[in-house]
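This report goes through the interfaces, the symmetry, the sheets and the salt bridges of the model shown here. The sequence and coordinates come first.

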Protein chains: 4
Amino acid sequence: MSDLKKIGRVGVKTLVYFEVVSTFALLIGLIVAEVVQPGHGFNIDPATLDPKSVAGYVTRAKEEGFVAHIMAIIPNTFVGALANGFSQLRDPDSMLYYDLPQYWDFWQVVESLDVPFYLHPRNPLPSQARIYEGHRWLLGPAWAFAQETAVHALRLMGSGLFDKYPRLAIVLGHMGEGLPFGMWRVDHCNGWVKGRHNYPAKKPIADYFHANFHVTVSGNFCTPALLNAMLELGSDRILFSTDWPFENVDQAAEWFDVAPISAADRLKIGRTNAVKLFKLDMT
Amino acid sequence: MSDLKKIGRVGVKTLVYFEVVSTFALLIGLIVAEVVQPGHGFNIDPATLDPKSVAGYVTRAKEEGFVAHIMAIIPNTFVGALANGFSQLRDPDSMLYYDLPQYWDFWQVVESLDVPFYLHPRNPLPSQARIYEGHRWLLGPAWAFAQETAVHALRLMGSGLFDKYPRLAIVLGHMGEGLPFGMWRVDHCNGWVKGRHNYPAKKPIADYFHANFHVTVSGNFCTPALLNAMLELGSDRILFSTDWPFENVDQAAEWFDVAPISAADRLKIGRTNAVKLFKLDMT
Amino acid sequence: MSDLKKIGRVGVKTLVYFEVVSTFALLIGLIVAEVVQPGHGFNIDPATLDPKSVAGYVTRAKEEGFVAHIMAIIPNTFVGALANGFSQLRDPDSMLYYDLPQYWDFWQVVESLDVPFYLHPRNPLPSQARIYEGHRWLLGPAWAFAQETAVHALRLMGSGLFDKYPRLAIVLGHMGEGLPFGMWRVDHCNGWVKGRHNYPAKKPIADYFHANFHVTVSGNFCTPALLNAMLELGSDRILFSTDWPFENVDQAAEWFDVAPISAADRLKIGRTNAVKLFKLDMT
Amino acid sequence: MSDLKKIGRVGVKTLVYFEVVSTFALLIGLIVAEVVQPGHGFNIDPATLDPKSVAGYVTRAKEEGFVAHIMAIIPNTFVGALANGFSQLRDPDSMLYYDLPQYWDFWQVVESLDVPFYLHPRNPLPSQARIYEGHRWLLGPAWAFAQETAVHALRLMGSGLFDKYPRLAIVLGHMGEGLPFGMWRVDHCNGWVKGRHNYPAKKPIADYFHANFHVTVSGNFCTPALLNAMLELGSDRILFSTDWPFENVDQAAEWFDVAPISAADRLKIGRTNAVKLFKLDMT
């Protein structure tokens, strides 16, 4: 194939991918920025939040038409949606993970809206980051993001949240933040010790991972990790994503276009899984 | 195959595996218990340590004969070798990772002895474990061990230690504590940002993982994770191990005996890699 | 888990699997035995066949109820359905593959019935089996079956049949008879030679494999081959099957129960793919 | 990376690969062209062959220096070495596979020379190719080569040849001609039938594949097939090769450079396995 033709092909695919991913971030942004207000949310009081207001945003998004809506919303929500993780309330050194009781009303709304929730990484608080002292290069995407987000996700799984709201769909980026590799050990460690785990949830932890989670390949364009995710979670729960602006779109697309997976899985992961999960109207 | 015959087969293999793994733990124990004294080492002063004394132990081990030596040493070193991770010095809330300058003399001895060093997990300090609050089931092998040990290993890689002592061989348990899955992202995150990493080491982090590390399958009898480790690190650097007494030996052996790997890799991982790495005399 | 409990679990699963697989063979048997009459079909004349009569059988199967119907039909069709491959017409040394023009009316009926067609192996004719001389152990399932069936399938793909009847669904046993491994080379060999292939079909051969074929794991309980099939064809087109009575059901189930695939894929391959493909009423 | 730089990198690697592969073909060519004379060998009489003469060639190759030797030999042996498969003797319709008794003296020499033997494909005789009638595109590398060569290799394995000459090393191209995928079924088909196989060899067939065979990736630049080969045979027995002039060198190198395998395996498969197997002096 000529280089020109190839670039054209990548370009077209990238557009499709990008559209899907943007829509994706957009819908999530609507919920997260309004309800949780990550980033600038140091002093919110959950008591003042009206989760029902989110429904208005989503409805409006469908009425206004896609492009106009993006233009209107991106400035103040797109970045917000990508600044997630635990919240701080009143005390900057507080860490409020979303398995805590005060967030279950929020989750009820998310389930009733039937939209996925993207749990995006953030760094640990300075007081909790001593393990990275002298090695700040391990903060952020290199390592700390995955630890923060994986544990946050495990807390949700162990809390019983998905027993109460079984239709919740959580999306994790970066090929699942290490969970595909570590999930077996979560449930099987100390295999011959009886009653070793003590958490409110009713089932093995992996059951919730398999039933309530989706992962994107964002920023983790690594085929062995992709294969691990496919063998742990299955290709129906993996979504192409680029992690733009943190990673470049063409690098993601070039990797994905030749990743050694079936044409059926390339279509699912590259497009149809996202169309289904986000109920996108792609016509 | 009759069940009886099968049990016999597993039994024999298990003995071989166990012998290798015990020897393995033993040699490591000699170094760690003497020099670092993990577990009961709250008040040691590195200045008083004589790393050279370790050489005597190892020499003695070879002279005394294998069984007698095990009997003599296991009581006070076997457990010590398995209580590793960072050290505390004077202050119980101190965290001394072995990439710090005061340990480089120790590493010089380890390299000169030409024996591998097993970096075994421990839990984070209580003051650093707030992410697990309300979810103590995530401490230990379920999750916290891997995070502690992976970051410790990454600190070693980024510190330049392996530039100075390039023949050091570090062993990690539990299929590499998540590193095979996450290593690509360590080096590639923010792929289009120039000069994003700032650590003393000279090469990409994965280069040290590939050149100075070995992983055991202990406590992580998960085939997708094994495949991930094989595709990241290669089968020459993977060792069978059981994590006994935390995991049962027969569960490990039953999984490994039918793991979908080549006969050549089963022999390497199950036996010859350890024989080479630990210079075991198996005749 | 106690052995008794395990046996129970395998037993239940096996029944489900077996039911699916039997139904599967049954529906195919109806078509094949009636229209193609493999095995005892040395002297049929395609001109006398009335493909439309097949529809009656299938309708009857739905009216009579499942069990009664099985009892009535198995004796003369179940075995017939499993004796497939090319046909001989008049001359015992003739080899009529189903891509030949005289079979396209048959395929039209199969497509209009919207039922899958199982292409089961047979041995080559004695006159064509000289490569196995002195090595009769390579005939049948050890090797010759796969070669016969894979080439038969490739002939269908190259003939243009699926351009004309794009909704045809062909099922191959034994993890796809080697095609998942060899398919890349079929399309890519002599990659830099222009116009190297010369067949009536309009698209690359693999496109038809991906769109019109399903494979079962029957008699090929080999995890590396399963992974290869998943990466070539995708898990939506793989079906559990045992190859009973050639292979034992418990061996198949024991392998499949612990194969290192996701729970989602285990359910698909073990059950729902067959339910969809054969439109089984499993309520 | 700039395109120019990338081309440079590919170029250098390609040279290394090519050197290895050419040397490889050369040494094999010396044996095959002299002793077996494939291609133009319609009327040779094995009785007149002097296998000992091969040793002279190999010795000379080492004395003359590499480049001069290539120049001197390629014209009449390089192509010969690539025209392998069964031989015809006197009768153009004869098929003499190298497991037949008249070739065992030849194998004795090969073993005593301690050099590998490359079993290269050829097409079936016209009289045996009726399965491809009307589908000549399936002849050659698309499919027929693999069937011919795989069965030839299986005949060697089943014949007992490797019981008598256990140090023989056979090299197969094209990722093993389908054998990695099919080998399990060769030994396990009809798993519950006693005494189903009847061949002179003493062990399961796969034992010989694992002990006496090496495969190259030539012309099969397909990652799922590579993974299958790694899980069946192990990375120590896989060699990079391009199949030039049938496939282009840059396509092979571009695929291999980013194949999702460990750096250790890339070095082995790309270089050191060949250096060891062919005892190349690469200094």
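## Salt bridges overall

How many salt bridges does the rule count over all chains? The count comes to 25, where a salt bridge is a side-chain nitrogen of Lys or Arg within 4 Å of a carboxyl oxygen of Asp or Glu. One of them joins A:E111 to A:R167, with the closest N and O atoms 3.7 Å apart. A:E111 belongs to helix α4 (residues 104–113) of chain A, and A:R167 to the loop between α6 (161–164) and β2 (170–172) of chain A, so this pair ties together parts that are 56 residues apart in sequence. Helices (H or I, at least four residues) and strands (E, at least two) are DSSP runs, numbered from the N terminus.

## Basis of the values

This is a predicted model, in which local features need pLDDT of at least 70 and side-chain atom pairs count only at pLDDT 80 or more, while totals for chains, interfaces and linings use all residues; side-chain values use heavy atoms, with hydrogens and water left out. Residues are numbered from 1 along each chain as its sequence is written, and chains are lettered from A and ligands numbered from 1 in the order in which they are written.

## Interface of chains B and A

Between chain B and chain A, 63 residues of chain B are in contact with 63 residues of chain A, contact meaning heavy atoms within 4.5 Å. The size of an interface is often given as the accessible area lost when the parts come together. Here the two chains bury about 5500 Å², with 59% of it on carbon and sulfur atoms; buried area is the accessible area (1.4 Å probe) that two parts lose on being put together, summed over both. B:W137, B:F181 and B:R185 supply 17% of the area that chain B buries against chain A, more than any other three residues.

There are 2 salt bridges between chain B and chain A. In a salt bridge at 3.0 Å (N to O), the side chain of A:D93 meets that of B:R130. On the side of chain B that touches chain A, α5 (144–158), α7 (179–188) and α9 (223–233) of chain B each supply at least two residues. By class, that side has 33 nonpolar, 21 polar and 9 charged residues. Ala, Val, Leu, Ile, Met, Phe, Trp, Tyr, Cys and Pro count as nonpolar, Asp, Glu, Lys and Arg as charged, and the others, Gly among them, as polar.

## Interface of chains C and D

For chain C and chain D, 63 residues of chain C are in contact with 63 residues of chain D. The pair buries about 5600 Å², 60% of it on carbon and sulfur atoms. The salt-bridge count between these chains is 2, and one salt bridge links the side chains of C:D93 and D:R130 (3.0 Å, N to O).

Across the interface of chain C and chain D, 22 residue pairs are in polar contact (both at pLDDT 80 or more). Two or more residues of the side of chain C that touches chain D come from each of α5 (144–158), α7 (179–188) and α9 (223–232) of chain C. The residues of that side divide into 33 nonpolar, 21 polar and 9 charged.

## Symmetry

Chain C is superposed on chain D by a rotation of 180° with 0.0 Å of shift along its axis (RMSD 0.0 Å). That is the relation of a two-fold axis. Copies are superposed by least squares on the C-alpha atoms of residues with pLDDT of at least 70 in both. Of the residues of chain C, C:Q128 comes closest to the rotation axis, at 2.6 Å (C-alpha). Of the interface residues of chain C, 100% are also interface residues in chain D, so the copies meet through the same surface.

Chain B is superposed on chain A by a rotation of 180° with 0.0 Å of shift along the axis (RMSD 0.0 Å). The C-alpha of chain B nearest that axis is the one of B:Q128, 2.7 Å from it. Again, 100% of the interface residues of chain B are also interface residues in chain A, so the copies meet through the same surface.

## Sheets

Chain B has an open sheet of 4 strands in the order β1-β2-β3-β4, with parallel pairing. Two strands pair if DSSP finds at least two bridges between them. The edge strands of this sheet are β1 (117–119) and β4 (238–239) of chain B, each pairing on one side only. Strands β2 (residues 170–172) and β3 (residues 213–216) of chain B pair in the parallel sense over 3 bridges, and B:L172 stands opposite B:V215 in β3(B).

In chain D, 4 strands form an open sheet in the order β1-β2-β3-β4, and the pairing is parallel. D:L172 stands opposite D:V215 in β3(D).

Terms used: A polar contact is a pair of N or O atoms within 3.5 Å; within protein, one must be able to donate a hydrogen and the other to accept it, and residues adjacent in sequence count only if both atoms are side-chain atoms.
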